[in-house]
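Work through the exercises below with the sequence and the 3D structure at hand. Each task is followed by a solution in steps.

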Amino acid sequence: VKVDNFKREQATGHERLPCLNEGTGKIIWHWDHPETYTISYPAGPRTTPLVHEGKVYFQGAEGFLACLDESNGHWIWQKVLKEAYHTKAALWGYASQPLIDGNKLILIAGGEGSHCVA
């Protein structure tokens, strides 16, 4: 039996982060990041955004990490984990939830000697 669900084929798409009003459900702001997927099931993100002290941390399925302003969605900084840690996404992509501990953002990045980074 051959199962094609786990093929790694390149596909393009967009990872989106909408910020909604809690009471009305209306969109306050919307952020969009184009992505080239090399993972099985090419879509993302696979994690929930992390909101902390006025910032929103977004991790995409291919390892794109961004920090946005919570009030308006403006970009503050970004890092591409695959480039920073010389690795590739797992078959299922980046799917672990980022964590804040004090002033550190902790996440699983993968790569030689850098499985978990802060």
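Lys55 is partly exposed, because its relative accessible area is 31% and partly exposed covers the range between buried (under 20%) and exposed (over 50%), with a 1.4 Å probe and protein chains only. This is a predicted model, in which local features need pLDDT of at least 70 and side-chain atom pairs count only at pLDDT 80 or more, while totals for chains, interfaces and linings use all residues. Residues are numbered from 1 along each chain as its sequence is written, and side-chain values use heavy atoms, with hydrogens and water left out.

**Exercise 1.** Which residues form an aromatic cluster with Trp31?

Solution. Step one: rings of Phe, Tyr and Trp (its six-membered ring) pair if their centres lie within 6.5 Å; planes under 30 degrees apart count as stacked, over 60 as edge-to-face and the rest as tilted. Step two: Trp31 and Phe58 are edge-to-face, at 5.1 Å centre to centre with 70° between the planes. This pair links strand 2 (residues 27-37) to strand 4 (residues 55-59), with its members 27 residues apart. Step three: the ring centres of Trp31 and Phe64 are 6.0 Å apart and the planes are at 20°, so this pair is stacked. Phe64 lies in strand 5, 33 residues from Trp31. Step four: Trp31, Phe58 and Phe64 therefore make one aromatic cluster under the ring-pair rule. Trp31 and Phe58 are buried, and Phe64 is buried too.

**Exercise 2.** Is Glu35 buried or exposed, and what is the nearest side chain of opposite charge?

Solution. Step one: Glu35, found in strand 2, is buried. Step two: Lys and Arg count as positive and Asp and Glu as negative, with His and the chain ends not counted. The nearest side chain of opposite charge is Lys82, 5.6 Å away. Step three: Glu35 has no salt bridge, a term for a side-chain nitrogen of Lys or Arg within 4 Å of a carboxyl oxygen of Asp or Glu. Step four: beyond four places in sequence, the residues that Glu35 touches include His14, Glu62 and Phe64.

Technical notes:
Helix = DSSP H or I, 4+ residues; strand = E, 2+ residues; numbered from the N terminus. Contact = heavy atoms within 4.5 Å.
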